[in-house]
Amino acid sequence: MSSLFDRGENHIAEKFGQEAIEMIVDLKNKDKELFSKESADLLLHYLVLLKSKGITLNDVLKTLKSNS
């Protein structure tokens, strides 16, 4: 994971985008285990992206609460 941070935010964002596309493609697949794996990959890269920006998941959750 440290290699993601070493390569910078643009690379992290690119990986996040790739994982999002893979998850969307697998959405059409009936294989729940594969979809779950791709969802986990997407979540991991999202959390790494947040950390690279100095934002926590709690920050995001607070924003969601304040917007509801």
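This note sets out, point by point, the main features of a predicted model.

1. Confidence. The model is predicted, and the protein has an average pLDDT of 91. A score of at least 70 is reached by 99% of the residues.

2. The nonpolar surface patch. Five leucines, namely Leu43, Leu47, Leu57, Leu61 and Leu64, form a nonpolar patch on the surface. Together these residues have about 440 Å² of accessible area. Two helices, α3 (32-52) and α4 (57-66), each contribute at least two residues to the patch. The largest share, three residues, belongs to α4.

3. Leu57 lies in helix α4. Its relative accessible area is 40%. Leu57 therefore counts as partly exposed, because that class lies between the 20% limit for buried residues and the 50% limit for exposed ones.

4. The aromatic pair. The count of aromatic pairs in the model is one. The ring centres of Phe16 and Tyr46 are 5.8 Å apart, and their planes stand at 40 degrees, so the pair is classed as tilted.

5. Val48 is part of helix α3. With a relative accessibility of 2%, Val48 counts as buried, because buried means under 20%. In sequence, Val48 and Ile12 are 36 residues apart; in space, their C-alpha atoms are 7.3 Å apart.

6. Met23 and its contacts. Met23 is located in helix α2. When neighbours within four places in sequence are left aside, Met23 is in contact with Phe35, Glu38, Ser39 and Leu42. The separation between Met23 and Lys51 is 28 residues in sequence and 21 Å in space, from C-alpha to C-alpha.

Terms used. Residues numbered from 1 in each chain as written. Predicted model: local features only at pLDDT ≥ 70, side-chain atom pairs only at ≥ 80, totals over all residues. Heavy atoms only, no water. Patch = residues over 30% accessible without salt bridge, like charges linked within 9 Å, V, L, I, M, F, W, Y side chains within 5 Å. Areas by Shrake-Rupley, 256 points an atom, 1.4 Å probe, with all protein chains shown as cover. Salt bridge = Lys/Arg side-chain N within 4 Å of Asp/Glu carboxyl O. Helix = DSSP H or I, 4+ residues; strand = E, 2+ residues; numbered from the N terminus. Buried < 20%, exposed > 50% of the residue type's maximum accessible area, 1.4 Å probe, protein only. pLDDT = per-residue confidence, 0-100. Phe/Tyr/Trp six-rings, centres within 6.5 Å; stacked < 30°, edge-to-face > 60°. Contact = heavy atoms within 4.5 Å.
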